[in-house]
Amino acid sequence: MLFTHRCTTCDRTQLIFPSQAHGVRSTDDGAVELTFTCWCGAEQGHRMAGLTASA
Ligand SMILES: [Zn+2]
C-alpha cells in the first residue's frame with residue numbers, strides 16, 4: 001500500500017512506503033491513523049479514509 005502524505009514537519013508531500021509504517025492509532029474523534037516515520041525523520045499520522053475505531 002503506497003500513499004502520499006503531507007508532512008507537518010518538513011511541509012512536503014512525500015510518497016510513503018509500507019516499510020515506513022509502524023502502527024495504527026485511533027484519534028480523539030474516532031478515526032484511525034496509520035503512523036509512520038517521514039523521510040525527514042518526523043513521526044506522522046496519516047488518516048485512513050473509511051476506517052473508524054469501533055470502541
Ligand atoms: Zn517530513
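The legends below describe close-up views of a predicted model.

**Figure 1. Overall fold of the predicted model.** The protein contains five strands and zero helices. Read from the N terminus, the order of its elements is β-β-β-β-β. The C-alpha trace extends about 35 × 20 × 15 Å along the principal axes. For 55 residues, a compact globule would have a radius of gyration near 10 Å, and the value of 11 Å for the protein agrees with this. Buried residues make up 7% of the 55 residues. Among contacts with a separation of 6 or more, 26% are between residues 24 or more positions apart.

**Figure 2. Pairing of strands β1 and β2.** Strand β1 covers residues 3–6 and β2 covers residues 13–16. The two strands are antiparallel and are joined by four bridges. Phe3 has Ile16 of β2 as its bridge partner. Thr4 is placed opposite Leu15, also in β2. The hairpin formed by β1 and β2 has six residues between the strands.

**Figure 3. Asp11 in the loop between β1 and β2.** Asp11 belongs to the loop that connects β1 (3–6) with β2 (13–16). Most residues other than glycine have a negative phi. Is Asp11 buried or exposed? Asp11 counts as exposed because it has 8 C-beta neighbours inside 10 Å, and the cut-off for an exposed residue is 12 or fewer.

**Figure 4. Leu15 and its surroundings.** Leu15 is located in strand β2. Apart from neighbours within four places in sequence, the contacts of Leu15 are with Leu2 and Thr4. His5 lies 10 residues from Leu15 along the chain, and their C-alpha atoms are 6.6 Å apart. Leu15 has 10 C-beta neighbours inside 10 Å and therefore counts as exposed.

**Figure 5. Leu2 and the segment before β1.** Leu2 is found in the segment that precedes β1. Which residues does Leu2 touch, not counting those up to four places away in sequence? They are Leu15, Ile16 and Phe17. With 7 C-beta neighbours inside 10 Å, Leu2 counts as exposed. Between Leu2 and Ser26, which are 24 residues apart along the chain, the C-alpha separation is 20 Å.

**Figure 6. The β3–β4 hairpin.** Strand β3 (residues 21–26) and strand β4 (residues 31–37) run antiparallel, and five bridges join them. Ser26 is bridged to Val32 in β4. How many residues lie between β3 and β4 in the hairpin? There are four, and Gly30 in the turn has a positive phi of about 90 degrees.

**Figure 7. Gly23 in strand β3.** Gly23 is part of strand β3. The count of C-beta neighbours inside 10 Å is 9 for Gly23, so this residue counts as exposed. His46 is 23 residues away from Gly23 along the chain, with 11 Å between the two C-alpha atoms.

**Figure 8. Val32 in strand β4.** Val32 is a residue of strand β4, where it is the bridge partner of Ser26. Why is Val32 classed as partly exposed? Val32 has 18 other C-beta atoms within 10 Å, whereas a buried residue needs 20 or more and an exposed one has 12 or fewer. Ala49 lies 17 residues from Val32 along the chain, and the C-alpha atoms of the pair are separated by 8.3 Å.

Note on methods:
Residues numbered from 1 in each chain as written. Predicted model: local features only at pLDDT ≥ 70, side-chain atom pairs only at ≥ 80, totals over all residues. Rg over C-alpha atoms; globule rule 2.2 N^0.38 Å. Contact = placed C-beta atoms within 7 Å. Pairing = 2+ DSSP bridges.
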